[in-house]
Amino acid sequence: MDTVDASAHYSQSIDEKPSLLVLILDTNPYAWSTLSATLPLDRALASILIFLNAHMAFSHANRVAVIASHTKSARFLYPTTTTTAAAGGSGGEDPFRDANKYRQFRIIEDQVQASFAELMRQTTTEELVDSKETMMAGALGLALGYINRLVRVDDGGIGGGIGGGGGEVISMNARILVVSVSGDLAEQYVPVMNSIFAAQRKKIPIDICKVAGETVFLQQASDTTRGIYMQLEHPESLLQYLMMSFIPDTATRRHLVPPTQINVDFRAACFCHKNVVDIGFVCSICLSIFCTPPEGAICTTCNTKLDISALGNFGGSPAVVSTKKKRTKKLKQSKATSFSNEASATSTPGTPAS
Amino acid sequence: MASVAKGSASYKKKDGSLLLEKDSVTWTPANAEAPSLKIPVSTITNLQATPATVAKVMIKVFATKEGGATEPYVFTFTSASSARMEADVMKEALTTAIQTFKTNSSAATPSASAGPTTIATSSAAASGATAAKLAGKLTDWSKTRLETDLELQKSLLKADQELSTTFSEAVLSGAVTADQFWSTRTHLLRAHAIEREQKRGPYNVLATIKPKTVDNVVRMSLSREAIHDIFDQHPLVKMVYDDNVPKLPEEEFWSRFFLSRLFKKLKGDKLLPTDNTDPILDRYLGRDDEENSRKRRKIEHVPRTMDIEGNEQNLSQKKGNAPDLTMRPTRAENVPIIKTLNSLSLKLVDLVAPTDTDPNQVDDQDERYINEQRLVDLHGDPEEERIILNIRDQRQFFSASSNADQARKELYSNLKPETVLQEIQKTLGESNLNLLTALSSGKTGKESKAQLSKATTQIVAAVKDRREQVLSSSGLKHKSGGLPANVFNSVTLVHATTNEFLRHFWLAFLSGDEKRAGDITKLVNSLKNSKERIASIAKTADEERELERARRKKEAQEEYKRTGVKPKRKTTEVGGGSKVVEELLAPTIVAVDKALGKYQAALGKADKGSKTAAG
């Protein structure tokens, strides 16, 4: 119905939606501890807060959210529930501190710091002993949920009706920025991948600011969602990276060349031994990757019984010399149909690898 | 010599006579005694004939020669009076002969499954198809049939230039056999076969005929098929033609027709007072048999849900209510274009035999339409039939930790949780950060300045890299990287063929099938050759580059001599060369090396294995 109205023509050209930035901060204490020589936590936090302020300064309607991806849980640092917010807001020692500061900035700064400190206060040593990873999947899930709630209009009136029925009335441009300091996420492969695909569907770019550590999954996250991936060579200058690479919002990025690093490793790692494979076997149900067909033809991830009879001897030891005598030895393996082989390495397109 | 059918026909533009005997077709040149061509019926795989509407009467016989290749023989029937009849007799006789042969020989190969050959001369074939395929419907899209259908493969190669070059490179002059080549391309064959099966339907013929005025004379080209279509779609024209043509020369009839008001009316154009009048043809203007004479498709049973017959009786126009807004008597010759087009469309639809309805299902139609009209969203949600996917906790099977895992563990292992936590709590527990002072914590001064500029360099480098990619993918930059066209072509060709070899190599290599060991050896040789070819292309590229550079230099010098202006350095710079070739083919070379390496390793292993077995 909107398209019939002639005004649609005009409203299209004014596409200035406010933007929402959800920042996921990896708060693994070990990782920050190892980083303390190059990038102390307070400095990193200050850089991030300045970056958030910069984002807020662009438009009065811009919004921000900060999520901590901690060792055992993920939680919001800003905006928080009222109790902690009150504690953070009124608990500021000097209400007249920086009286000239833009109020919005100060609220964010105070709340993020207060809830971060609260989070660390609640963390016990016992908890830290046996968990050294970070709950990135949970944090991504929170971020996507928050974005979904905020971005889809539900203004109660006609707009809400259309939004509920048609589904997609987008009021804000959203993006996720992950400041990652710790390493592998392989244990959360399935949930992380699901989050990535959800973000891709919703057209939410996931930017990765990789301060330390190595994660293939996060590279793929930024690549599939068309976000920016940046592995910091000089973590000391975090603010410089944040301000130069991650400040433009999704609407602006269409007109810019993104500084994303292009040599993304697309090769898959098998689930069984975490080896990077050129040719692998994929479960037809849950898409888990294996370097050899799993034992007993049962997928280790989803427990599906796989029919591998049609695979024959595929992937077995290659027969390069025809020797009639060895025949009997080869017959012992009987393998797979629902396995498809991905011969990705053999069909590289002819683009120059520059 | 029991001849079943005979006719005078030319073969390869020589006159002669075609004779069908009991088990072979022979053709004898006009001035010779003995037949010069003999095709045994047993070898005939397919038969094609031109449809009845085409002037040229031809029969095409496909026969397998020794070695499996099919060869078409085309006979044109030359008899002035009875060519069509002779051809029909010949066709009929041949068809029965082939059929009897096939039923007799039980070993019918799948490739010769042309089946009972019935003539598919539907009205649709008259419009577009030049030759009605005699073979019955080939709706068998199975892999084996597609891969053995040489005819289909040929036509696909003809249609796809790129595939054709790959084919000739990889198969005709390479180690890949045709079977292997097609075995990885069944989907292409299937798509092509389906595409070929589709027939073009009837179209508005009159609209496509456009008289051209050359030297004040109206000229047009009119094919026999077009005339046939016109008669089919407009029975009125056929009537006019039948009435007048003996009296009027045919050519004159058509030229007058296309200028007449009748033509305009049938086409749906508006008649103007300035239009030519024609004493003969205008007589037919008033007739509206056009509408009534069309062949209606018979519909046996109309589902009650969509039967609007009853509405006819309530039609307001028939009861005298304002049929026309202008309230003026309509002038017959100015039929609105919409009406004409509607009637034409109806006719076209009627000409097509319905293929989407199954006559056996007529009874269920009512039920179907009622089902279609149900409001699905008013019903409750259907029960979900999902398979529950149980994902196991993955930690347990990742416990077989890899190196990276180990490294991470080690990295954190010498950190004590208590100290780590205290450190962080201390940092955060203090009063709120002053952003500016916090920023300068840690290193300060010159060193941090250097770090900042290094960071900037990293970002700018990433942007530069990215820009290169964006430019090359959007086509703003030359794709060929400055290579001359012929070199670039050979680069794409060698890339395509090498990929082909690689694909077959991996298929054979990983199959674990000993029977394919011979194939692997052949393919490895091809891969080695590919590497050599890449090297030679690189060399040619260098040579071409030198030539181009010399030419430009010479040009620049001449320019300098002529004008006295020193040429800019840029004009003598030439892109391309072996470096670009190597860059373009780098992934290919890597892939080939990897394949060869794996092969060598497997070979070494096999050798060792056989030695230990022997020893």
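Guide: What follows walks through the sheet of chain A, then the helices on it, then the confidence scores. Keep in mind that this is a predicted model.

Start with the layout. Six strands of chain A form an open sheet, and their order is 3-2-1-4-5-6. The pairing is mixed. Now look at the edges. Strand 3 (74-78) and strand 6 (229-231) of chain A each have a single partner strand, so one side of each is left without a neighbour in the sheet. On average, neighbouring strands of this sheet are turned by 20 degrees against each other, direction ignored.

Zoom in on one pair. Strand 2 of chain A covers residues 63-69 and runs antiparallel to strand 3 of chain A. Four bridges join the two. Within this pair, A:Val66 stands opposite A:Tyr78 of strand 3.

Next, the helices. Helix 5 of chain A, residues 103-122, packs on the sheet. Helix 5 touches strand 1 (19-26), strand 2 and strand 3 of chain A. Its direction makes about 145 degrees with that of strand 3. Helix 7 of chain A, residues 136-151, packs on the sheet too. Helix 7 touches strand 1, strand 2, strand 3, strand 4 (173-180) and strand 5 (206-210) of chain A. Its direction makes about 165 degrees with that of strand 1.

Last, confidence. The model scores ipTM 0.73 and pTM 0.56. Chain B averages a pLDDT of 72, with 69% of the residues scoring at least 70. Over residues 106-138 of chain B the pLDDT is below 50. That stretch has 58 contacts in the model beyond near neighbours in sequence.

Note on methods. Residues are numbered from 1 along each chain as its sequence is written. Chains are lettered from A and ligands numbered from 1 in the order in which they are written. This is a predicted model: local features need pLDDT of at least 70, side-chain atom pairs count only at pLDDT 80 or more; totals for chains, interfaces and linings use all residues. Side-chain values use heavy atoms; hydrogens and water are left out. pLDDT is the predictor's confidence in each residue, from 0 to 100. Contact means heavy atoms within 4.5 Å. Two strands pair if DSSP finds at least two bridges between them. Axes are lines fitted to C-alpha atoms, for helices over the stretch in contact, and angles run from 0 to 180 degrees between N-to-C directions.
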